[in-house]
Amino acid sequence: MDICGELVKLRAPLPEDAPFMADLISIPEVTRTLDAWAHGPYSIQHALDWINRHDPSQVNWAIDCLEDGAFIGVTGLRDLDFRDRNCEWGIWIGPPSRWNRGYGTEACRLATAFAFRELGMEKVYLKVYETIPVARRAYEKAGYRVEGTLPRDHWWEGGFTTSHLMAAYRDDPMYGGGR
Ligand SMILES: CC(C)(COP(=O)(O)OP(=O)(O)OC[C@H]1O[C@@H](n2cnc3c(N)ncnc32)[C@H](O)[C@@H]1OP(=O)(O)O)[C@@H](O)C(=O)NCCC(=O)NCCS
């Protein structure tokens, strides 16, 4: 299901996105901000395998920039737990020239609203690295707050660094106050 905001559209990932995904994941500035999966070789086939995989515990979207229609990244909800009614949200956007334009904040709000309204989630959580202040700021603007701190959690350029757990809740006024 497409979800349209003012800056970005979330849509189903398509096989034709695979070359762009592989290109973006090969940019060191992008890769260094991501988890272990992005630090090994990442080919068009890796992207295709991800796009074609059916995993009922996840909902994934490609992010398109509405201004020029370009594919600029991926966002998704994973570990959907319909008993405890929570899930994890994640994102990457590239190339770096696309950062700091409000796309990440809006994609976060759209995916989080989907989790509350369409999936009935009570809480959406994420992990953010202390080394990426732009990410924490974007997530705070989308209603997430830090709930926990994990020292020595993430390997970053030669040393262990801290991560933070953040969460947003269904009854946040930003998301309609739980209605
Ligand atoms: C993290 C990411 C999703 C954020 O999306 P984005 O579109 O760049 O962010 P936005 O433009 O929506 O918001 C960025 C905010 O951070 C602020 N910011 C930028 N650099 C900052 C810094 N060094 N310290 C604090 N805030 C900063 C911006 O000013 C903006 O806040 P404002 O609107 O109040 O001015 C995106 O940058 C990205 O995909 N980065 C690479 C992958 C990644 O880091 N993924 C997340 C891993 S946890």
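Colleague: How do the residues of the shell around the ligand divide into nonpolar, polar and charged?

Modeller: The general idea is a sorting by residue type: Ala, Val, Leu, Ile, Met, Phe, Trp, Tyr, Cys and Pro count as nonpolar, Asp, Glu, Lys and Arg as charged, and the others, Gly among them, as polar. Here the shell has 12 nonpolar, five polar and four charged residues. Keep in mind that this is a predicted model, where local features need pLDDT of at least 70, side-chain atom pairs count only at pLDDT 80 or more, and totals for chains, interfaces and linings use all residues. Residues are numbered from 1 along each chain as its sequence is written, and side-chain values use heavy atoms, with hydrogens and water left out.

Colleague: Which residues come nearest to the ligand?

Modeller: A residue is near a molecule if one of its heavy atoms lies within 4 Å of it. There are 21 residues around this ligand, and Ile-93, Gly-102, Gly-104, Thr-105 and Lys-141 come nearest.

Colleague: Which element gives the most to that shell?

Modeller: Elements are DSSP runs, numbered from the N terminus: helices (H or I, at least four residues) and strands (E, at least two). α5 gives the most, with seven residues.

Colleague: OK, and what polar side-chain atoms lie by an oxygen atom of the ligand?

Modeller: For a polar contact, look for a pair of N or O atoms within 3.5 Å; within protein, one must be able to donate a hydrogen and the other to accept it, and residues adjacent in sequence count only if both atoms are side-chain atoms. Lys-141 has a polar side-chain atom 2.5 Å from a ligand oxygen, and Arg-137 has one at 2.9 Å from a ligand oxygen.

Colleague: Now rings. How many aromatic pairs are there?

Modeller: Rings of Phe, Tyr and Trp (its six-membered ring) pair if their centres lie within 6.5 Å; planes under 30 degrees apart count as stacked, over 60 as edge-to-face and the rest as tilted. That rule gives seven aromatic pairs. Take Trp-89 and Tyr-144: their ring centres are 6.3 Å apart and their planes are at 35°, so the pair is tilted. This pair links distant parts of the chain, with Trp-89 in strand β5 and Tyr-144 in the loop between α5 and β7, 55 residues apart.

Colleague: Where is the cis peptide bond?

Modeller: Check omega: the bond that joins Gly-94 and Pro-95 is cis, with omega about -5°. Pro-95 is in the loop between β5 and α4.
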